[in-house]
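Please look over the structure below, then read on. The report takes the sheet, the helices and the ligand shell in turn.

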Amino acid sequence: MISLRGKTAIVTGASRGIGLAIAKALAREGVKLALISRSKPPASAKGKFIGCDFADSEKIPDAIAAALKHLGKLDFVINNAGIFLEKSVPEISLAEWDKVLRVNLTAPFLICRETFSHLVKSKGRIVNVISSSAMQGYLHQSAYSTSKHGFLGFARSLALEAKPKGVHIYNLCPGGVETDLIKGSHLGARLKGQPMIQSADIAEMVVFLLRQPENIDVPEILIKRFDPKLK
Ligand SMILES: NC(=O)c1ccc[n+]([C@@H]2O[C@H](COP(=O)([O-])OP(=O)(O)OC[C@H]3O[C@@H](n4cnc5c(N)ncnc54)[C@H](OP(=O)(O)O)[C@@H]3O)[C@@H](O)[C@H]2O)c1
C-alpha cells in the first residue's frame, strides 16, 4: 500500500456530507488539500477553501488555477460535489435540468480537463463520486440519473485516454448515503429508519483506493446499502 503523506488533492463538495468526510480522511493521511464548494467547510476540514459555484461553469477554470497555485503539484482529484433533483419529467424546468447537468456533469468534465496535464506529470489519480443512479433509472430522478449516467460515460471514456499516461480513474457508485442531499425528498422519506451508508464509509474507501499500488486497477465500485430486503 502506498503512503499518502506529502500528496496533494483537490476535493470538490467538501463543505459537508461525503466530501467533508473524504477531506478529513485525506488530511489524516497527510494529504495537502484544496477544497472547492460554494460555502466554506467547517474548521474540522483542513485545507485551502476556494469558493466556486459549479452552476457557473465559466468560473471553474479559475477555481482550479487557484487550487493548483496553492498545491504546487497535483496528485489526486476527487470529483464529489453534486446536487439532487426529484421531479417528474413534466415538472422539470429547463433551468433546473440545466443546473443539474452543469453541477453534476459539466463541472467534473471541466475539472478533469483543467487538471489532466498535471495528473499526467504526477501519474495521479481521479476519484469520481458518481451514484448507483448512473447504472439504472429511479422514479422521478430523470435529470439526476441522466447527469450520473453521463458522468460515468465520460469517466469511462476518459480512462481510455488516461491509462496510457499512467493516470488511474476510480468510479464510485454508491446507493443511499446518510447526508443532506436527499433530506426532505421522497427518497429520503422512503429510506428513513433503513440501514444507510455513512459518509465515513465512502471516505475510507477513497483512502483505500488511493493507497493501492500502481499495478492495481479498480475502475468501478457499486456500493449498496446492506439491506436484506434489497435485491
Ligand atoms: N447521499 C447519497 O445518497 C448519495 C448517493 C450516491 C451518490 N451521491 C453523490 O455524492 C456526492 C456528494 O453528495 P452528498 O450526499 O455528500 O451531498 P451533500 O451533503 O448535499 O453535499 C454536496 C456537496 O456538493 C457541494 N455543491 C452543491 N452544489 C454545488 C455547486 N453549485 N457548486 C459547487 N459545489 C456544490 C456542496 O457544497 P455547497 O453547498 O457549499 O456548494 C456540498 O459540499 C454527490 O455527487 C452525490 O450525487 C450521494
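In what order do the strands of the open sheet run, and is their pairing parallel or antiparallel? The order is β3-β2-β1-β4-β5-β6-β7, an open sheet of 7 strands with parallel pairing. Its edge strands are β3 (48–51) and β7 (220–223), each pairing on one side only. From one strand to the next, the twist averages 15°. The model is a predicted one.

Strands of a sheet pair through backbone hydrogen bonds.

**Helices across the sheet**

| Helix | Strands it lies across | Angle |
|---|---|---|
| α2 | β1 (8–12), β2 (32–37), β3 | about 165° to β2 |
| α3 | β1, β4 (76–79), β5 | about 175° to β4 |

**Ile 60**

Helix α2 covers residues 60–71, and Ile 60 belongs to it. Glu 114 is 54 residues from Ile 60 along the chain, yet their C-alpha atoms are separated by 8.9 Å.

**Helix α4**

Helix α4 (residues 142–162) has 21 residues. At 1.5 Å a residue they should span 30 Å. The end C-alpha atoms are 29 Å apart, so the model agrees with that expectation.

Which residues of α4 are buried? They are Ala 143, Tyr 144, Ser 145, Ser 147, Lys 148, Phe 151, Leu 152, Ala 155 and Ala 162. An α-helix has 3.6 residues a turn, so residues three or four places apart point the same way. Among the buried residues are Ser 147 and Phe 151, and also Lys 148 and Leu 152. The buried residues of α4 pack against α3 (94–122), β5 (125–129) and β6 (168–174).

**The ligand shell**

Of the 28 residues around the ligand, the nearest are Gly 13, Gly 17, Arg 38, Gly 82 and Thr 179. Helix α1 (residues 17–28) gives the largest share of the shell, 3 residues.

Note on methods: Residues are numbered from 1 along each chain as its sequence is written. This is a predicted model: local features need pLDDT of at least 70, side-chain atom pairs count only at pLDDT 80 or more; totals for chains, interfaces and linings use all residues. A residue is near a molecule or strand if its C-beta atom, placed from the backbone, lies within 6 Å of it. Helices (H or I, at least four residues) and strands (E, at least two) are DSSP runs, numbered from the N terminus. The expected span of a helix is 1.5 Å times one less than its number of residues. A residue is buried if 20 or more other C-beta atoms lie within 10 Å of its own, exposed if 12 or fewer, and partly exposed in between; C-beta atoms are placed from the backbone. Two residues are in contact if their C-beta atoms, placed from the backbone, lie within 7 Å. Two strands pair if DSSP finds at least two bridges between them. Axes are lines fitted to C-alpha atoms, for helices over the stretch in contact, and angles run from 0 to 180 degrees between N-to-C directions.
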